[in-house]
Amino acid sequence: MEQIRSRKNQYILHLRALAKSADARREAGEYVCDGEKLLREALQFGAEVTSVLWREAAFSLPDGIAQYAADAELVEYASPLMHSPGPVFTVRIPAMRLPEPLHRVIVLEGVQDPGNVGTVIRTANALGMDAVVLTGACADLYGPKTVRATMGALFRQPVLTCATDELMQLLRANCLKLYGAALTDTAQDLRRVPLTPAAVAIGSEGRGLSAELLAQCDGQIIIPMQPGAESLNAAVAAAVVMWEIARAET
């Protein structure tokens with residue numbers, strides 16, 4: 001195991017680049033994570049771990065994973081987290097294969113907060129959604145804050161990032177209707193709409209769904225709320241919709 005002692009070490013610079021830049025992640029084909037719990041989950045659920053930077057004690061890893069060691073200060077410098085407990089590790093960005101056929105799909109459009117995107121992925125995994133699709137200017141799926149917010153669900157939940165036209169091709173191939181969550185006069189109470197098999201699109205809290213995507217929807221739904229209530233946070237709205245989908249199937 002190589003002992004690293006300098007901030008200028010190429011591996012340390014590589015970790016920092018992965019944490020900061022989506023372009024660097026795309027070019028390298030990998031992303032960076034932090035923490036022993038997350039590392040164990042990545043290994044358990046078949047993620048391709050490519051390298052690990054240990055702070056102190058290491059546990060046994062499969063063959064082929066590059067391993068490095070450094071002191072606490074250097075691990076914290078390399079990590080995307082403040083006060084990192086380590087280890088810091090890299091994971092290969094997978095070629096996503098969605099299950100077939102799809103019945104329960106959640107679409108996020110333009111949700112830029114990585115915490116919201118990660119929370120939706122975590123909730124989708126908990127409630128049995130077949131896929132989460134990110135379209136528009138969503139937070140980077142493999143950014144450190146998004147990955148952290150998934151709490152390991154990223155290793156288990158199928159997630160696809162694509163353009164709107166690719167989304168529509170996917171839905172047509174699976175014979176799925178698309179419903180958009182929208183605060184409009186024509187939106188129906190989600191409890192009265194058959195949401196499975198179907199896809200439901202959630203927009204950002206500030207802007208909602210784009211006119212382009214709304215025009216592609218087969219219908220619009222609304223979460224009933226008390227008069228005067230503000231629109232829900234995107235992750236909360238998605239959770240309510242996914243709970244209704246899961247409840248309808250029980």
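**Close-up views of a predicted model**

**View 1. The loop around Pro 87.** Pro 87 sits in the loop between α4 (72-78) and β5 (88-92); helices (H or I, at least four residues) and strands (E, at least two) are DSSP runs, numbered from the N terminus. The peptide bond joining Gly 86 and Pro 87 is cis, with omega about -5 degrees. His 83 also has its place in the loop between α4 and β5. Its phi is near 55 degrees, a positive value in a residue other than glycine. With 60% relative accessibility, His 83 counts as exposed (buried means under 20% relative accessible area, exposed over 50%, partly exposed in between, with a 1.4 Å probe and protein chains only).

The model is predicted: local features need pLDDT of at least 70, side-chain atom pairs count only at pLDDT 80 or more, and totals for chains, interfaces and linings use all residues. Residues are numbered from 1 along each chain as its sequence is written, and side-chain values use heavy atoms, with hydrogens and water left out.

**View 2. The loop around Pro 101.** Pro 101 is found in the loop between β5 and β6 (104-109). The peptide bond from Glu 100 to Pro 101 is cis, and omega is near -15 degrees.

**View 3. The loop around Cys 175.** Cys 175 lies in the loop between α7 (164-173) and β9 (177-181). This residue is not a glycine, yet its phi is positive, at about 55 degrees. Cys 175 counts as exposed, because its relative accessibility is 70%.

View 4. Five strands form an open sheet in the order β1-β4-β3-β5-β2, with mixed pairing; two strands pair if DSSP finds at least two bridges between them. The edge strands, β1 (2-3) and β2 (30-34), each pair on one side only. Strand β3 (residues 49-54) pairs with β5 in the antiparallel sense over four bridges, and Val 49 stands opposite Val 91 in β5. Helix α3 (residues 36-44) lies across β2, β3 and β5 and runs at about 160 degrees to β3. Helix α1 (residues 10-20) lies across β2, β3, β4 (66-69) and β5, at about 95 degrees to β2. Axes are lines fitted to C-alpha atoms, for helices over the stretch in contact (heavy atoms within 4.5 Å), and angles run from 0 to 180 degrees between N-to-C directions.

**View 5. The largest nonpolar core.** This core has 49 residues; a nonpolar core is a set of buried Ala, Val, Leu, Ile, Met, Phe, Trp, Tyr and Cys residues joined through side-chain atoms within 4.5 Å. Helix α9 (residues 234-248) gives the most to this core, with seven residues.
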